[in-house]
Amino acid sequence: MASQDSAILNNLSPSTGPRNEVASVRKALEILCQFGAAASSLSVSDLSRSMNLPKSTTHNLLRTLQTFDFVKQDPSDRRYRLGPRVLELGLRFSHSTRLVSLAEPHMRRLADQTKETVKLGIFSDREVLILAAIESPYQLHTRGDEGMRAPLHSTALGKAILAELGTDEVREIIHSSHLFRRTPHSITDADRLIQELETIRNQGYALDVEENETGVVCAASGVADFAHSTVAALSVSAPASRVDPQQLLKCASLVSECARSISSILRQTDAARSLPSDRFKENR
């Protein structure tokens, strides 16, 4: 799994980019992207090797990031970990988007209905970024994974988002990404994935039946804004041992209904913001 995560990061953070990019800034950001669930702490040697950089350059970049609290070095083992500034920026982003605040009451109602884990994710750099989650009250439940990233092709959240994107954009994303086999059930063929996305468009929800993680099933549906473009996806995930295929379809129906409610609220909010100011003068 660690090698797959590294390959994804390398694919998302190529060593070369547009001419107007600042190389040193890009490398510093690539260092931050190396920290994840599979590598919560890294040494200078780890980063130097994975990014194909001289140790001296890697060390200088880390020192700069450390100055701004983006990374911290543990004195006991000399390894680096993400610093508090990363959390600070993440919280600022979360608080600045109205999506989470508008979706939260609906997510809680869905969590109460299903008693399973509910997640809200957005499309970010060819992955799904989990913005918010409500975990199941059962002792055996799926993780919320707030702040974590997940693949597009093997998760219900990812497929629900892909299904709402334009055909050309979907093909570009698929053909430039690694469709890793996360489990024996993962879709790794581009044509088969494109066919499944058409099915998702027709039925209004996406399913993940142990495609991303063995023993976990999930149902998701896209959340759209005023322009009817998908800005996020909502999901219900659960252990396969507790949720059989019929129950999963019931979860799919509930999550689709909830996603439509959130979309409606988003469209109403955007519509109100777009009204001319004269409309409100009569109510003064």
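Predicted model: local features only at pLDDT ≥ 70, side-chain atom pairs only at ≥ 80, totals over all residues.
1. Together with Val22 and Val25, Leu29 makes a nonpolar surface patch of about 260 Å². As a point of background, residues three or four places apart on an α-helix point the same way, because there are 3.6 residues a turn.

2. Threonine 58. This residue is found in helix α4, which covers residues 55–67, and it counts as buried because its relative accessibility is 0%.

3. The largest nonpolar core. This core has 31 residues, and those with the most contacts inside it are Met107, Leu110, Leu120 and Leu234. At least two residues of the core come from each of α6 (98–114), β4 (117–124), β5 (127–134), β8 (216–224), β9 (230–239) and α10 (245–274), with α10 giving the most, nine residues. Apart from this core lies another, of 25 residues, including Ile161, Ala163, Leu193 and Ala233. In soluble globular proteins, nonpolar side chains tend to be buried together.

4. Leucine 120. What does leucine 120 touch, not counting residues up to four places away in sequence? Its partners are Leu99, Val100, Ala103, Met107, Leu129, Ile130, Leu131, Ala132, Ala232, Ala233 and Leu234. Met107 and Leu234 are also named among the residues with the most contacts inside the largest core, while Ala233 is listed in the other core.

5. Alanine 111. Located in helix α6, alanine 111 is classed as buried because its relative accessibility is 9%. Its contacts, leaving aside neighbours within four places in sequence, are Glu116, Val118 and Ile134. Alanine 111 and valine 236 are separated by 125 residues in sequence, yet their C-alpha atoms are 8.0 Å apart in space.

6. Two backbone angles to check by eye. Arginine 78, in the loop between β2 (71–73) and β3 (80–82), has a phi near 65°, a positive value in a residue other than glycine, and it is exposed, with a relative accessible area of 52%. Glutamate 210 lies in the loop between β7 (206–209) and β8 and likewise has a positive phi, near 55°, although it is not glycine; with a relative accessible area of 22%, glutamate 210 is partly exposed.

7. The chain as a whole. The secondary structure comes to ten helices and nine strands, and 43% of the 284 residues count as buried. Of the contacts with a separation of 6 or more, 56% are between residues 24 or more positions apart. The chain exposes about 15600 Å², of which carbon and sulfur atoms supply 51%.

Note on methods: Residues numbered from 1 in each chain as written. Heavy atoms only, no water. Patch = residues over 30% accessible without salt bridge, like charges linked within 9 Å, V, L, I, M, F, W, Y side chains within 5 Å. Areas by Shrake-Rupley, 256 points an atom, 1.4 Å probe, with all protein chains shown as cover. Salt bridge = Lys/Arg side-chain N within 4 Å of Asp/Glu carboxyl O. Core = buried A, V, L, I, M, F, W, Y, C linked by side-chain atoms within 4.5 Å. Buried < 20%, exposed > 50% of the residue type's maximum accessible area, 1.4 Å probe, protein only. Helix = DSSP H or I, 4+ residues; strand = E, 2+ residues; numbered from the N terminus. Contact = heavy atoms within 4.5 Å.
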